Amino acid sequence: MIFDVKKREMYYEVLAKRVEGLKRRKEGEKEMGKILDEVRDEGKRKGIEETKIISIQSLMESMNWSIEEAMKALMIPPNEQEHFIKIIH
């Protein structure tokens, strides 16, 4: 546990130094905004993916459907289906 705390403190220290460096530069505010947008967008993508996985699994279990039937019901585009098949199976 002590190792984890020190590791976390080191991570925050590094992060704090990088943020401070961005604040000092003229373009730092724009760069920080861009980074935050990227982090937010990645979080949204992961959240949407998790929701789709849970929905597929719920339909498979509750309706006794195959993964293909569940994805069809959820209208998951064909170009995304292989991705979810790999994750769920």
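Modeller: Glu-42 is partly exposed, with a relative accessible area of 34%; here buried means under 20% relative accessible area, exposed over 50%, and partly exposed in between (1.4 Å probe, protein chains only). Glu-42 forms a salt bridge with Arg-45, and their closest N and O atoms are 3.0 Å apart. A salt bridge is a side-chain nitrogen of Lys or Arg within 4 Å of a carboxyl oxygen of Asp or Glu. Both residues lie in helix H2 (residues 28-63), three residues apart, about one turn of the helix. Helices (H or I, at least four residues) are DSSP runs, numbered from the N terminus.

This is a predicted model, in which local features need pLDDT of at least 70, side-chain atom pairs count only at pLDDT 80 or more, and totals for chains, interfaces and linings use all residues. Residues are numbered from 1 along each chain as its sequence is written, and side-chain values use heavy atoms, with hydrogens and water left out.

The structure holds four salt bridges. In another of them, Lys-52 pairs with Glu-80, with the closest N and O atoms 2.8 Å apart. Lys-52 lies in helix H2 and Glu-80 in helix H4 (residues 78-88), so this pair ties together parts that are 28 residues apart in sequence. Glu-80 is partly exposed at 26% relative accessibility, and Lys-52 is partly exposed at 23%.

Asp-37, Arg-40 and Asp-41 are linked in a network of salt bridges. Within the pair Arg-40 and Asp-41, the closest N and O atoms are 3.1 Å apart. Arg-40 counts as partly exposed at 46% relative accessibility, and Asp-41 is partly exposed at 29%.

Definitions and conventions
Helix = DSSP H or I, 4+ residues; strand = E, 2+ residues; numbered from the N terminus.
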